Amino acid sequence: MKTNILNKWHVLVGGFFGYMFDAMDITLLAVSLPAIMHDLNMEMYEGGLLGTATLLGVGLSSVIVGWFSDNHGRRKSLIYSLMIFGILTAAISLSPNWIVLLILRFVAGLALGGVWGIIAAYIAESWPAKQRGRAAAFVLSSFPAGAGIAAFLASVIIPDFGWRSLFLTGAGSIIAALYIYLFVPESEVWKKQKDERIAKGDVSNIQIKEIFAPELLSRTILATLVSSFAFVAYWGSTTWIPTFLIKVRGLDVKTMSLFFLILNVGMFIGYNLFGWLADNIGRKSAIILSFIGTTITLPIYVMVEDSMLILLMGPFYAFFISFVGLFGSYFGELFPTRVRTLGAGFCFNAGRGISAFSPFILGFIATKYGLTVGIGICAIFFFLSAVTMFFLPNTKIE
């Protein structure tokens, strides 16, 4: 019993640091994008394509890594993912041109996207249902922590050493992989389910088509739609907010990084408060409330012009981005153990993959109408996510 209790805390710590580096890796591109565009003489749409390449890789990884995790274990999958994207992110520092950078972002995305699904499955299989919302929200609140670290590192490294040096810090994910290797055991629920399958003579690999079986089809489609609408809005806005703060609001790199760091403090607080709320009012209701909040606050954030109001409004808007953390417990509960990583990971990362063209398209919109309009449009997609959530079931909290 004591071992099981200790294991769930190791899962919590390992998952937190693993996803923190996942978030840091993705955010490194956003906070360094103005410097990269200037250094490589890129057009705005080319900058958007770098975000698109990353998210396309992330979308594909939901299938590749989800399949591997459900067939070969959570632990092994998580270690491999962290090692691969850490090495590839560091390699970006050596990119001689935009094409190589584009390819490296895509391949790194193939490892990046799998981390969320594995961690969501780990939490669902390690923590009791009555604490699962808080546990998942806490672990996934490492995303704003990682994003905040990326913003801080950008403010320190880019002015003196350039954007290439910044990407070397992405290799830090290897430290998280080492912690998981030493302390985080394989999921007992997954091992039991695997042993039961073998005992019954079922040695076949789990197939992707299982999440589209009649009993799961509507959940898979609707959850993917919710995720897609949400990430079109989230990545469309987040990729360009640092550039917006510099080019439209006139901030320098250090001030932008500070504003972006404080914005992520609001997100960290929101993740954890919404996690507590989800365990009390239900995952579905908490997610809908989160979407309503982002729908209202994002347009306000991009409309304010005073620097102090921008500073204050950033964390207030980010407070409601908590849906990303809530997906961790909710999506994991929509699917049975057999296809949990594959199902939850597919819905989450297919949504991120579908949203891949959002930064690219927003770059075109911004060229014609400005970043203020482009980012503000993203609120419509947050609203569509809220509406779609009404058609998904409530998951039981025991």
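Let me start with a term. Buried means under 20% relative accessible area, exposed means over 50%, and partly exposed lies in between. Keep that in mind. One more thing before we look: this is a predicted model.

First stop, the surface. Where does Phe 383 fall on that scale? Its relative accessibility is 47%, so Phe 383 counts as partly exposed. Phe 383 sits in helix H18. Phe 383 also belongs to a nonpolar surface patch of about 890 Å². Which helix gives the largest share? That is H18, residues 371-389, with six residues of the patch.

Next, a pair of helices. Two packed helices are described by the angle between their axes and the distance between the axes. Take H2, residues 44-72, and H4, residues 98-126. Their axes come within 5 Å. They cross at roughly 40 degrees. That angle makes H2 oblique to H4. As for the hand, H2 passes H4 in a right-handed crossing.

Now the charges. Side chains of opposite charge can pair when their charged atoms come close. How many salt bridges are there here? The count comes to seven. I will show you some of them.

Stay with H4 for a moment. Glu 125 forms a salt bridge with Arg 340. The closest N and O atoms are 3.3 Å apart. This pair links distant parts of the chain. Glu 125 is in helix H4, while Arg 340 is in helix H16, residues 340-354. The two are 215 residues apart. Are these two buried or exposed? Glu 125 has a relative accessible area of 9%, so it is buried. Arg 340 is at 12%, so it counts as buried as well.

Last stop, Arg 283. Its side chain meets that of Asp 279 in a salt bridge, 2.5 Å from N to O. Both Asp 279 and Arg 283 are buried. Arg 283 also forms a salt bridge with Glu 333. There the closest N and O atoms are 2.8 Å apart. Again, distant parts of the chain are linked. Arg 283 is in helix H13, residues 283-303, and Glu 333 is in helix H15, residues 323-334. They are 50 residues apart. Glu 333 is buried, like Arg 283.

Which residues make up the network of salt bridges? Arg 134, Asp 279, Arg 283 and Glu 333 are linked in it. Thank you.

Methods
Residues numbered from 1 in each chain as written. Predicted model: local features only at pLDDT ≥ 70, side-chain atom pairs only at ≥ 80, totals over all residues. Heavy atoms only, no water. Patch = residues over 30% accessible without salt bridge, like charges linked within 9 Å, V, L, I, M, F, W, Y side chains within 5 Å. Areas by Shrake-Rupley, 256 points an atom, 1.4 Å probe, with all protein chains shown as cover. Salt bridge = Lys/Arg side-chain N within 4 Å of Asp/Glu carboxyl O. Helix = DSSP H or I, 4+ residues; strand = E, 2+ residues; numbered from the N terminus. Buried < 20%, exposed > 50% of the residue type's maximum accessible area, 1.4 Å probe, protein only. Axes fitted to C-alpha atoms, helices over the stretch in contact; angles between N-to-C directions. Parallel < 35°, antiparallel > 145°, perpendicular 65-115°, else oblique. Left-handed = near helix turned anticlockwise from the far one by under 90°.
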